[in-house]
Amino acid sequence: MEEPWIIETRRLSYTFAKASEQTLFDINLQVPRGSVYCFVGPNGAGKTTTLRLLLGLLRSQAGSIRIFGRDFFADRRKILSQIGSFIEQPSLYEHLTGRQNLEVYRLTYGRERSRIEEVLKITDILDAGNKLVRAYSLGMKQRLSIALALLNDPEVLILDEPTNGLDPQGIVDMRVLIQELSGTYGKTILLSSHLLSEVEKVATHFGVLRGGKLQFQGTKSELMIRRSQNTVLRLETADVQKAMSALQERFETICLDETFVLVKHIAREQVPELTRHLVASGVGIYNIGLVHENFEETFFHLTT
Ligand SMILES: Nc1ncnc2c1ncn2[C@@H]1O[C@H](COP(=O)(O)OP(=O)(O)OP(=O)(O)O)[C@@H](O)[C@H]1O
């Protein structure tokens with residue numbers, strides 16, 4: 001029987017040689033075949049370290065990795081030939097054209113020449129194929145890196161922060177490309193991001209990492225359910241400090257910025273009493289209301 005997970009880790013842990021603390025703790029990653037699995041977490045959470053372990057770029061120390069249902073360490077070369085990736089900065093030859101960059105890698109894979117045109121087309125940089133890479137925008141470089149990753153027609157793509165550094169239009173374009181790679185070309189995509197809002201539209205599954213620990217893993221709807229359980233009260237006020245001290249004793253509050261306060265775990269029935277209390281404490285209220293947390297806030301809760 002085919003395993004449901006195309007990538008699966010069990011108790012994957014890692015400590016860098018010179019680090020004082022462990023980086024990854026017992027990560028049980030389960031990436032379903034055909035998914036767009038977004039691995040999200042703040043900077044330094046351990047996303048890149050995990051992806052590097054999956055690609056054999058770091059020597060695994062503890063735990064197991066299975067990819068395509070096979071033990072990674074027993075079958076590493078074969079497994080890696082079916083994974084396309086870009087991790088950290090794309091390594092491109094700036095003095096060569098896009099096509100020439102692809103040609104270098106095509107030869108190492110032994111693929112037919114027509115594959116270059118195909119991947120340029122898929123990533124929508126066909127017109128820029130004869131331009132020197134040094135004249136490419138960051139978005140075009142990211143696309144070319146994805147074109148390189150696609151050369152060998154891999155079943156799985158692993159992309160580390162593909163939206164990093166892109167302008168808003170570049171982020172939208174990258175999303176469209178990821179959706180196409182998944183929908184039209186059937187790739188399973190594992191990508192990392194430190195911004196949930198940038199990837200929530202493309203994700204089918206999420207893994208939320210914080211401090212080297214997997215805090216949440218599940219489908220987008222499971223994350224939505226978690227969201228619906230987390231109704232919060234959002235207060236816009238003239239005096240955040242005053243509001244915080246009025247509420248802190250009785251409610252769990254978070255100061256969002258200089259005008260907004262979030263009150264967690266609050267029932268609708270408690271709102272009138274809370275409002276009276278604020279008014280009695282002399283807090284100026286601009287706006288008050290119950291809201292379902294958005295993804296960013298859910299993420300905030302899962303990672304704080
Ligand atoms: N070569 C290294 N030696 C020692 N510590 C390292 C090394 N590389 C990463 N780290 C540490 O491991 C932790 C996880 O880093 P990692 O790059 O995996 O996080 P990340 O979630 O990918 O964050 P970012 O989005 O900033 O890349 C961080 O505390 C980082 O400082």
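Two residues count as in contact here if their C-beta atoms, placed from the backbone, lie within 7 Å. Angles run from 0 to 180 degrees between N-to-C directions, with axes fitted as lines to C-alpha atoms, for helices over the stretch in contact. Helices (H or I, at least four residues) and strands (E, at least two) are DSSP runs, numbered from the N terminus. With that in hand, look at helix α1 (residues 47–54): it lies across β4 (36–40), β8, β9 (188–193) and β10 (205–210), and runs at about 145 degrees to β8. On the sheet you'll also find α6 packed, touching β4, β8 and β9, with its direction at about 155 degrees to that of β9.

A word on what you're looking at. This is a predicted model, where local features need pLDDT of at least 70 and side-chain atom pairs count only at pLDDT 80 or more, while totals for chains, interfaces and linings use all residues. Residues are numbered from 1 along each chain as its sequence is written.

Now zoom out. The chain has 11 helices and 15 strands, and its C-alpha atoms fill a box of roughly 75 × 45 × 40 Å along the principal axes. The domain assignment (bounds come from an automatic or database assignment) gives domain 1 (5–218) and domain 2 (227–300). Taken over C-alpha atoms, the centres of domain 1 and domain 2 are 39 Å apart. Of the contacts with a separation of 6 or more, 70% join residues 24 or more positions apart.

Back to the sheet. It is open, has 6 strands in the order β7-β8-β9-β4-β10-β11, and its pairing is mixed; two strands pair if DSSP finds at least two bridges between them. β7 and β11 (213–219) each have a single partner strand, so one side of each is left without a neighbour in the sheet. Neighbouring strands are turned by 15 degrees against each other on average, direction ignored. β7 and β8 run parallel and are joined by 4 bridges; G84, for instance, has L157 in β8 as its bridge partner.

Next, helix α5. Is α5 covered or open? Mostly covered, with 10 of its 13 residues buried, where buried means 20 or more other C-beta atoms within 10 Å of a residue's own, exposed means 12 or fewer, and partly exposed is in between, with C-beta atoms placed from the backbone. Those buried residues pack against β7 (83–86), α3 (98–109), α4 (114–122), β8 (156–160) and α6 (168–183). Across the chain, buried residues make up 34% of the 304.

A nonpolar core is a set of buried Ala, Val, Leu, Ile, Met, Phe, Trp, Tyr and Cys residues joined through C-beta atoms within 7 Å. The largest one has 55 residues, and I7, C38, A147, I158, I189 and L190 have the most contacts inside it. α5 gives the most to this core, with 6 residues. Another core lies apart from it, with 11 residues, including V232, A246, L262 and L278.

Finally, T259 sits in the loop between β13 (252–255) and β14 (260–264). With 15 other C-beta atoms within 10 Å, T259 is partly exposed. Leaving out residues up to four places away in sequence, T259 touches E236, T237 and V240.
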